[in-house]
Amino acid sequence: MNSTLPRSQTLDRVLVLEMVRVTEYAAIAAATQIGRGDEHAADQAAVTAMRDALNQLPFDGTIVIGEGERDEAPMLFIGEKVGRAQGTGPKIDIALDPLEGTTLTAKAGPNALAVLAVAEEGGLLNAPDVYMDKIAVGPGYPAGVINLAKSVTENINAVAKAKGVAPRDIIACVLDRPRHEALIKELRAIGCGIVLIPDGDVAGVIATTNPDTSIDIYLGSGGAPEGVLAAAALRCVGGQFQGRLMFRNDDERGRARRWGIEDLDRIYGLEDLAKGDVIFAATGVTDGSLLKGVKHRRDGVTTTQTVVMRASSGTVRWVSGEHRLGNRA
């Protein structure tokens, strides 16, 4: 139990299992498109299912991390209102990615997830849909062991010293992208092991908290919305995270200012991105290092695996679901 963080009475009214149901519905819907080569269809299926599930719940919710801005996304856009108790129910902020890993799903790759985080109103950063430079480690390290203002080598050396190993014994997780060529080259020069992932940087960040993955640190740039979701998960289980927004043009800078971000060079810490009590849930779409994917059994039962966490209690629950056709309970 995290005795220093008070439980949110608002989130007490948003049952943890309801969040599980939301990500389960999205994952099951997305799973119908596994291996079919259509990223848009996979994403649309997950978005529609998650939106329908959210609108059944008795709260006054606002999407602060979604599929994009209103003019870019027909559903679950930033600023959209969800829940069936608008104006009367508890006010919550929602960060979501109905399908984190659209390409992974379309190609039947590993680690595709349906992901959701909720907090009290104002608890989650309204991050624009731009890139974010990220660095993360799991629990057990002294505060401040990582710092985006320092070089990759300095951060690797600091983590290695805190862990009591040589820098070459550190395993880093990095998205396999051309933009990370220099980062990968620097890690190779140090002698680090590198786990290159094709997509899914929320799962990549969370992997730093799981000793079974052997991943010590996450490095590199990915979507800012995914950074908020990953920070929400780390708030629940421990760890450190820093992120800095990256802008390729004036349009992206203007987008950030529209969402109230004035300091464009700011380095965000864990609680800048997700503060107060937080609930995080993720359901596997395809098999991965974190969760098993959706399975359709011959007896007509669909199975799911979900992890759900809460910051105030430090509780992590692994939920295995069996779903029968025609029954959404």
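This is a predicted model: local features need pLDDT of at least 70, side-chain atom pairs count only at pLDDT 80 or more; totals for chains, interfaces and linings use all residues.
The largest pocket has a volume of about 680 Å³. Its lining comprises 28 residues, and D97, T102, D129, G223 and E226 are those that lie nearest the centre. Two or more lining residues come from each of strand 3 (91-100), helix 4 (102-106), strand 8 (217-223) and helix 8 (224-237). Of the elements, strand 3 gives the most to the lining, with four residues. In terms of residue class, twelve charged residues occur in the lining, together with eight polar and eight nonpolar ones. Both domain 1 (13-122 + 278-323) and domain 2 (131-273) contribute to the lining of the largest pocket, each with at least three residues.

An unreviewed UniProt entry lists D43 and E67 under "binding site". Although these positions are spread over 25 residues of sequence, they cluster in space, with a largest C-alpha distance of 9.6 Å.

D43 is located in helix 3 (residues 39-54), whereas E67 is found in the loop between strand 1 (60-65) and strand 2 (81-82). When neighbours within four places in sequence are set aside, D43 is in contact with E67, L99 and T102. Of these contacts, T102 is also among the residues that lie nearest the centre of the largest pocket. E67 has a relative accessible area of 24% and is therefore classed as partly exposed, since this category covers values between the 20% limit for buried residues and the 50% limit for exposed ones.

Technical notes. Residues are numbered from 1 along each chain as its sequence is written. Side-chain values use heavy atoms; hydrogens and water are left out. On a 1 Å grid over the protein atoms alone, a cavity is a set of points where a 1.4 Å probe fits but cannot get out, and a pocket is an open set with protein on both sides within 12 Å along at least five of seven lines; lining residues have an atom within 4 Å of a point. Grid points are joined across faces, edges and corners, and a volume is the space filled by probe spheres set on the points. Ala, Val, Leu, Ile, Met, Phe, Trp, Tyr, Cys and Pro count as nonpolar, Asp, Glu, Lys and Arg as charged, and the others, Gly among them, as polar. Domain bounds come from an automatic or database domain assignment. UniProt positions are given in the numbering used here, feature names are shortened, and annotations may be inferred rather than shown by experiment. Contact means heavy atoms within 4.5 Å. Buried means under 20% relative accessible area, exposed over 50%, partly exposed in between (1.4 Å probe, protein chains only).
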